[in-house]
Structures are given as structure tokens and as C-alpha cells.
Amino acid sequence: MYIVKKKISGKEYYYLNKSVREGSKVKSKNIAYLGKNKEEAEKKAKGIEEKMKKTEQKISKINKPKIEQKHMNEKNTSKETEAKNLGSLGKELTIDSLANFCKKKGFVYPSGEIYGGLGGFWDFGHLGVELKNNIKREWWKFHIQERDDMAGIDGSIITSPKVWEASGHVSSFVDIAVVCKKCKNKTKIDKHELGKVKCEKCGGEFQSKGEFNPMFTTQVGPIKEDSVQAYLRPETAQLIFADFKLVQENARLQLPFGIAQIGKSFRNEISPREFLFRSREFEQMEIEYFIEEGMKCPYIEEAKEVHILVYDEEMQKSGKEPELMDLYEAWKKGIIKTDWHAYWIAKEFEWFLSLGANSDNFRIRQHCSDEKSHYAVDTWDLEYKFPMGWRELQGFANRSNYDLSQHQKYSKQNMEILNKDGKKVLPNVVCEPSMGVERAFLVFMFDSYYYDESRGNIVLKLNPKLAPVKAAIFPIVKQPEYIQMSEEILRDLRKDFNVVYDKSGSIGRRYSRNDEIGTPYCITIDEKSLKKKDVTIRDRDTTLQIRVKISDLKEIMRKLINEEIKFEKAGKLVVTRVKK
Ligand code: GAP
């Protein structure tokens, strides 16, 4: 970088420039204005250079694994795969570097970090809480609000301990705690894995430390002798079953129907790990879908043309690779046993794709007979290709009428309902789509994280519906009339969207700051805005800009966020620079 002096109308002005390569030419590009005094200009230039170095170091630290991977790929790949690697969204990011990024930007922190944190507990920062709320809101809208056959509830975290006796969680929700004899890695395995599996870190033998139940216990009641031992719920599902009859009657639901819930769950995991992936406190989004035995799925056509990698028990046992299949066909061929299972898997996959997830990173895997939960007849998992490997994102268990029968037996209350012919039936849960909010959070972060070489910054390409901040409002200069106009726009947009006001730093810096946290639109108030009462909107992903009237701004923002209109069609396209 170097200082350039310019003489305009006899006065001297200093600028900081740097040489940049544009195609085959090297050009001098202006970085900052340094003022009219030579000594002050030199001081300012030094400060700017130091700041830029620090920022570059930070970025390269966050992207190190990604950049290393990129160089590895560069050696023997064709131009096409090279372009894909550069353009692909964050596959080179590790779970630890994502955790770092989340902490730096205000998404997620280790809980109570000033005291050293507590394993398996996380706090969501000012951006994390917005993203998490948006995920939950979109899930609720898609699964409850937009359907006739669903109702939602919000059960309590602590309930009668009898619920957990009836559900089988007290007696059967057990794992075996093991320690690796070689590397001392502590983990949990299923009962059936004892003596069969080796340590995933070093291949060493496991030593059993006995059975443990991951339910957290607590005392209800202030006087110890009179208090009752209760549990923090390990799944949200059980209150759906316990409240089943009330909800069915109150919401006047007719079979087939579903009851859904979003809420906190707790499991005293022996080794919480991989950032949010396995925590001790997490949130679940669960549906119990009830049918009368033998009822056909009227929505099965929706599974047609939905292609996903399928990995059933037979493929796993015979060492075959997963196969790309149409979900409808997979049901027709008997690979997926029920039409309901095929339908719900298709629906959940569709939900992820509608919010911008990358279909290449998903597959479904059937649970082998010896790994199913105590309540399950058949279970499939929707798995995601995390940097640490394929892992469960969402479970789809067929729980039959296990839970309702158990609650009927333990509570001595009749759990049957009338079918459309007036006959009493105990419904079956043919499918239970159950997912951790934090795992969905990770998927959207991984699939949207992108390092843009030309911009020199991270761009978090979150779907606008999920983005924590929908728009950032910039006055181009800090003069009162620009500030006043910006604040008026802010006050108006704020009533409907989470928007921020940003007046510090160059426009370029403000763009990159917002790219990094996934803000889809930046609204700039410039000289023309004062005269023409319009603004520019800049699109995060393409950097294209349009001009729109302030009076139309809110409605245009609404349409853009809801993907009802294409950006280029939402206003008058601004020609910002012509590339030669
Ligand atoms: N009601 C069924 C049930 O709870 P599960 O497979 O034990 O089934 C469902 O859990 C989902 O909850 C998982 O697919 C995962 O997304 C999430 N989940 C489970 N344990 C978790 C943990 N320790 N940390 C984060 N998410 C977890």
C-alpha cells in the first residue's frame, strides 16, 4: 500500500492506494482518504494498514482448514471441480472452526464461559437467538400453521415422574458408559454394542463402566423429606401422548392427524461433543402422527420425484453403498415399509431444501434391528454429511401404539378415540419426525458459509427467512439530513422486520460486516435519496443493486424476504461498475 498526493484547485489531498490485479492489468485502487496534512496522512495510513492486517489474520484463522483443503484440491482437479470447490458452501469448514466463527460473530458461546463453561451447555448470542427463533418459526409455519391435520402444544419440562415410568424411559432408556483402555476416551454405547465396537479415536478396546440413565433428576418441593424425585424431560414427545385425548377433543382432530411440539430436552450425555451436535440441553421439534391401523397415506404422491440417497438395513449389512432413489419408488419396492414413512421423510427433506440446504449433503439410513429404541418398530434417520462424517439429523420412528397403550395401562385412563365410523380405536404413531433445533442450526450454518475470494470476506448465504438481520440501513455520509432519513426508514421497517442501522466505517466495510452475519439486504441512503425519496438495496449474494421508492420499500422487503419476487425485478437495476 502507498500514499498518493493529489492537487485539486491548488490544495493538497492525501489518499491510501494499493495495486490490484484486474485480469491482465495491474491497477491502482483507492483504499481510504487520509486528509490534507502529510504527517497526519502517514499516521492514518499506518493505523489502517495495521487494522487490515489484523482482519486478514482473523479471516485466515477462521478459514485455515478451508483454504488448506482448497490448495489440496487444486493439485489434481479439473477446472470444473476446482470451481465447485471454490463455490461450494463451507464443506471444508470443520465443526471447531464453525464454533469459533459462531463465538466471534455473536451466534453461540460456551455457557457461563467466564467460569470455564460447563460441558454440553451453550448460550445463544444476539444473532444466534434470532437464527434459532427463525428456524423454529419456519418449522411451525410449515408443519402446523399451513396444515389442517396438525395441532401444536407446549408441555412442561418437568412433569409427573409416572409419565417416564409408563414410557419406559426409567427402565429402558439406558446406555453403557465405556472408557477406552488405550486412549481413555469416554463415551456411551448401546447394550448390543458391548464387546463388538472399538474406540472410534484409536481402535482400542472399551472397558464397561456400567449402565447409566441419561435422564437428569431433580427434587420437586422445598422440604427434602416431602419432596418428589422428578426428571427433566429427555424428549418432548411424551406430553403429546399424555395430553393426547385433551388435544384431540379440544382441537376437534380426526384421524389421521398429528400433534407437534417444540421445546427443551435434557440428556446427561456421557461425552457431549462436536459443538452443538451432542449437548446436554437442547431443543427438539417433534411430531407424533396418529393413524388408525391400515389407514393409507392420502399425500403419498408428494413423495414422487423426491430423490435422496437411501441406505437400508440390507445395504448396510451386505456392505453395499447407499443408492439414489425416488422416495415413492423406495416405498413401492418395499424398501421403506409404509407410505406414511416415505411421505414424512419427503416432507422433512423438502423443508430443508426450501430453506436453502444443499441436497447433496443428505441421505436416509434405516436403523438395523439391534439399534432400535425400546419403543420403535422401524426407524429411519435423515442423515447429514457433517465435516466429522454422516450423522443423524432427524429420526423417524414408527412407535406403533406403544406409548398410548403404556399410558393407558399406567394411568388407568382410556386413551381410545372414536374413528369416523364412531368406533373406538387406539391410534398408532406411524411416524415420529423428531429433530434437534441445534442440529438444524448447524446444517443451515454449514450449507450457507462461503468464503468469497473476490470480496475477501465470508458471506453467510442464509435464506432471507432464516437470516438473523433482514436488512442493514446505511446513510452514505454522517450528515444530519442523511441520518434523519435513515432513522425514519429504520423506525418504519423495524415494526415488521429485524433491521439494523449502521453508520460506522466505509460502505465496503459495512457491506462485508453484514455479509459475514448473513444480512441479505443493505439499504443505502445517498445524495439522490434526498431529492428523489428513493434508496438503493444491495443483494448480499450477487452484490447487484436496485433503486426503489421509499414509499414502496417495506412491501418490496416483505416480498424479497418471502421469495415472492426476484431481486432484479424488484426495482430499477443500478449499474455500479462495468468489468472489462
Ligand atoms: N422422541 C424421539 C427422540 O427423542 P432421538 O433420536 O433420541 O429420538 C431425536 O432424538 C432428535 O433429537 C435427534 O435426531 C437429534 O436431532 C436430537 N438430539 C438427540 N439427542 C441430542 C443431543 N444430545 N444433542 C443435540 N441434539 C440431540
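Start by selecting Gln366, which sits in strand S16 (residues 362–366); helices (H or I, at least four residues) and strands (E, at least two) are DSSP runs, numbered from the N terminus. This is a predicted model, where local features need pLDDT of at least 70, side-chain atom pairs count only at pLDDT 80 or more, and totals for chains, interfaces and linings use all residues. Residues are numbered from 1 along each chain as its sequence is written, and side-chain values use heavy atoms, with hydrogens and water left out.

Stay on Gln366. Its relative accessibility is 6%, so Gln366 counts as buried (under 20% relative accessible area, with a 1.4 Å probe and protein chains only).

Next, select the ligand. Around it are 22 residues, and Glu235, Arg267, Glu286, Glu392 and Gly436 come nearest (near means a heavy atom within 4 Å).

Zoom in on Glu286. A polar atom of its side chain lies 2.4 Å from a ligand nitrogen. Turn to Arg267: here a polar side-chain atom is 2.8 Å from a ligand oxygen. At Ser279, pick the backbone: a polar atom there is 2.8 Å from a ligand nitrogen.

Finally, colour the strands. Strand S13 (281–291), strand S18 (389–398) and strand S21 (428–436) each give at least two residues to the shell around the ligand.

Terms used
A polar contact is a pair of N or O atoms within 3.5 Å; within protein, one must be able to donate a hydrogen and the other to accept it, and residues adjacent in sequence count only if both atoms are side-chain atoms. Buried means under 20% relative accessible area, exposed over 50%, partly exposed in between (1.4 Å probe, protein chains only).
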